[in-house]
Amino acid sequence: MKTLNCKRKMGLVALLFAFFHISTLQAQTVTGQYVPGAMIDGAVYFLPKTAVRIAVLVEKSTYTPGDFAPYAERYLRLNNVSPEPSVSYRVLSLKQSALGVRDTTKAYNVRFSPKTSAINVATAEDGVLLAINATGTRQVEPQPFRPAAKPIAVNPRQFMNEEILAAGSTSKMAQLTAQEIYDLRDSRSQLIKGQADFMPQDGEQMKLMLRQLEMQDQALTSLFAGTTVRDTIETIFIVAPDKEVQAQTLFRFSKHFGIVDADDVSGTPYYIGIQNLSQLPATDMEMAAKKHKAINGLYYNVPGKLRSTIYCGNDVVSKEEFPAGQFGNIELLTGDLFNKHYGTRLWVNPLTGGIDKLEAEQPK
């Protein structure tokens, strides 16, 4: 966030907004639609519009066959073990949230005269208005997805005994490894039943022995069944509609390639639809703003509402409703409100451009 002081930092304002122009201004708080040009003693601000942020979590599974995969059914009765490596994808979740972005069609320049108190304009880095005579609140975006740490891979060969390692063929090694797996399972069963030759002295020692047997079993079994490594990937899509949207392709998804481009027919399409739930008529202030009139005061949004629906085929995957500045109206706060007698402070919602809070003192 940045704060522009129109009295003390005119040089900085002129440098930052050298390409903006303000039409004929009176000695009062005046707002007008910006046009390219120069501006010496004022500030330029934008109102936001509401975008839809779609976070898609996709799981990537990478399968690597084990060294003894061809013998999985013979020795361990494991069916459908593939001897070929493969990669597959699946959608875990899809979450929508609101995001405020700069609306370039709602750019205004404002000049405050010495007779007013409205001399501090707080904006975000992209110029979106946050506050007047106050510290604005920056919008908080969702935290990016952070995958959990992967467990350390265990080398199954460290659990092979001397007889297995000395076997003269892969088939014999597979046979002896299978026998070792059955022995481990038998030892685990006897331990649980309390029939083992060396029983643990307490519960913690019991858990430790069972975990060790389970780890050895899984490691040696992976030589037959193979291993699957799973990675979760987050992909973000931003849709900032200016009007209603009917079944626009958001992305396509392939179980073999994951998320692909919207025009890649190898994937199944996911569509997004945006519905305007407000349908509010334009106000006089909105018409004046569109006609580039300079008016005494400050523009703000009266948000409408949108509904965002995401489909896969005919199935609704996600449906959310959000307040939306672009589907509402533009209104005006009169410049008289910023008279020094009132000490007015204003906070603007960074998502919608609507007024969050307005404080003014009663004149004495």
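**Charged pairs across the chain**

Me: At 37% relative accessibility, does Arg157 count as buried, partly exposed or exposed?
Reply: This is a predicted model, in which local features need pLDDT of at least 70 and side-chain atom pairs count only at pLDDT 80 or more, whereas totals for chains, interfaces and linings use all residues. Residues are numbered from 1 along each chain as its sequence is written, and side-chain values use heavy atoms, with hydrogens and water left out. Buried means under 20% relative accessible area, exposed over 50% and partly exposed in between (1.4 Å probe, protein chains only). At 37%, Arg157 therefore counts as partly exposed.

Me: Which residue forms a salt bridge with Arg157?
Reply: A salt bridge places a side-chain nitrogen of Lys or Arg within 4 Å of a carboxyl oxygen of Asp or Glu. For Arg157 the closest N and O atoms are 2.9 Å apart, and the partner is Asp67.

Me: How many residues apart in sequence are the parts tied together by Asp67 and Arg157?
Reply: Helices (H or I, at least four residues) and strands (E, at least two) are DSSP runs, numbered from the N terminus. Asp67 lies in the loop between E5 and H2, and Arg157 in the loop between strand E8 (129-132) and helix H3 (162-165), so the separation bridged is 90 residues.

Me: Which residues are linked with Glu59 in a network of salt bridges?
Reply: Glu59 counts as buried, at 11% relative accessibility. Glu59 forms a salt bridge with Arg230, with 3.8 Å between the closest N and O atoms. The network joins Glu59 to Arg90 and Arg230.

Me: How many salt bridges are found in the whole structure?
Reply: Arg188 and Glu214 also form a salt bridge, with closest N and O atoms 3.6 Å apart. A search of the whole structure gives a count of 12.
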